[in-house]
Amino acid sequence: MIGKATVVAPANIAFIKYWGTRDWNQTLPFNPSVSMTLRECVTRTTVEIVDRTEGDAVFLRTKEGSLAPATEAFTRRVEPHLERLRGWAGEEISFRVATENSFPMGAGMASSASGFAALTLAVVTALGRQVSSEEASVLARLSGSGSASRSVLGGYVKWPAGEGPEEEHATQLAPAEHWDLRDVVAVLQEQAKEVSSREGHERAPSSPYFEPRQKLLPRRLEIVTQAILERDFSALAQTVEEEAIDLHLIAMSSHPPIFYWRPGTLEVLAAIRRLRQEGVEVCATMDAGANVHMICTPESETAVADEVGAIPEVSSLIHDGVGQGPRIVDEHLG
Ligand code: PMV
């Protein structure tokens, strides 16, 4: 047993969205999803194996750089996953966890995906175990954050939704080197959203638009997969935007409804439409939050940042792009 390990795992941005969970025990979705793994929006997590009698302890790195005990709500989210990983390890041990994020947490920017991918891989590494990417994907998914199943891989990633072992883990569609796409994130809201993704997944089937979207998905999946393989930006752009709008349409028409957008979200969407009319290769997507991910080609990145960065509601821009996936590092937190 190594005893202590640190993993940096990235967030990802979905092109085809996971929205609606059909099995909470296994965290299995109603539909397949496809995402791009990011490189700058990351979670760094250190796990130390300690004596069982010590009990689990979770710390967050503060803005000032020190470690502080995590809030009760945060610990409540992490603890069941630690319990599950302890069961998987089959050892009477406790975990000392320290974690930090390079980007706002809980604001619809996939911090749970990077967080649970980093935690899962740090536990596995601290235990001195080796797992395949398939097993890592399943373990990360069981955290309850389905999108974490995609964050254990780099590049362009698909998480199927079918039955059976081949369908339960994410797989890479193409490595990061295949297509240098960028993601400029327009940050409109830094604080955590009011309604969690979990709540959104639970309410999704209550929307009258849930079923119609399911019928559209096989074709969308085909288009997005093909667009990635052929590096066809315009085919990708149209479907990615339709998907993002549909997620929010379903959220807004769920019972009770969920409104993640802010007025600034619409401003950014309008700016993107303007840019596209001028020939700039860019499209927008949003996860369960107000912030807008602007997917673009490297040649378009400056034009996108200049135009959208000037919108008063946009508090900052994060420049990100397709990344390689998680890595083990030597620099421990605490
Ligand atoms: O993995 P969760 O439970 O945080 O849900 C993620 C949901 C979306 O980010 C909105 C879509 C997705 O596929 O990532």
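**Close-up views of aromatic pairs and the ligand site**

W159 is buried, because its relative accessible area is 0%, under the 20% cut-off. The model shown in these views is predicted.

**View A. The aromatic pair of Y18 and W159.** Four aromatic pairs are found in a search of the whole structure. One of them joins Y18 and W159 edge-to-face, with 5.1 Å between the ring centres and 80° between the planes. Y18 counts as buried, since its relative accessibility is 8%.

**View B. The aromatic pair of F30 and F210.** This pair is edge-to-face, at 5.2 Å centre to centre and 80° between the planes. F30 belongs to the loop between β3 (28–29) and β4 (33–51), whereas F210 lies in helix α6 (residues 210–230), 180 residues apart. F30 is partly exposed, with 35% relative accessibility, while F210 is buried at 3%.

**View C. The shell around the ligand.** The ligand is surrounded by 15 residues, of which Y18, S112, S147, R150 and H201 are the closest. Five residues of the shell are nonpolar, seven polar and three charged. Domain 1 (4–177) and domain 2 (181–321) each supply at least three residues to the shell.

View D. An N or O atom in the side chain of S145 is 3.2 Å from an oxygen atom of the ligand. For G146, a backbone N or O atom lies 3.2 Å from a ligand oxygen atom. H201 places a polar side-chain atom 2.9 Å from an oxygen atom of the ligand. On its own, the ligand has 380 Å² of accessible area, and the protein covers 95% of that area.

Note on methods. Residues are numbered from 1 along each chain as its sequence is written. This is a predicted model: local features need pLDDT of at least 70, side-chain atom pairs count only at pLDDT 80 or more; totals for chains, interfaces and linings use all residues. Side-chain values use heavy atoms; hydrogens and water are left out. A residue is near a molecule or strand if one of its heavy atoms lies within 4 Å of it. A polar contact is a pair of N or O atoms within 3.5 Å; within protein, one must be able to donate a hydrogen and the other to accept it, and residues adjacent in sequence count only if both atoms are side-chain atoms. Accessible areas come from the Shrake-Rupley method with a 1.4 Å probe; for residues, only the protein chains shown count as cover. Ala, Val, Leu, Ile, Met, Phe, Trp, Tyr, Cys and Pro count as nonpolar, Asp, Glu, Lys and Arg as charged, and the others, Gly among them, as polar. Domain bounds come from an automatic or database domain assignment. Rings of Phe, Tyr and Trp (its six-membered ring) pair if their centres lie within 6.5 Å; planes under 30 degrees apart count as stacked, over 60 as edge-to-face and the rest as tilted. Buried means under 20% relative accessible area, exposed over 50%, partly exposed in between (1.4 Å probe, protein chains only). Helices (H or I, at least four residues) and strands (E, at least two) are DSSP runs, numbered from the N terminus.
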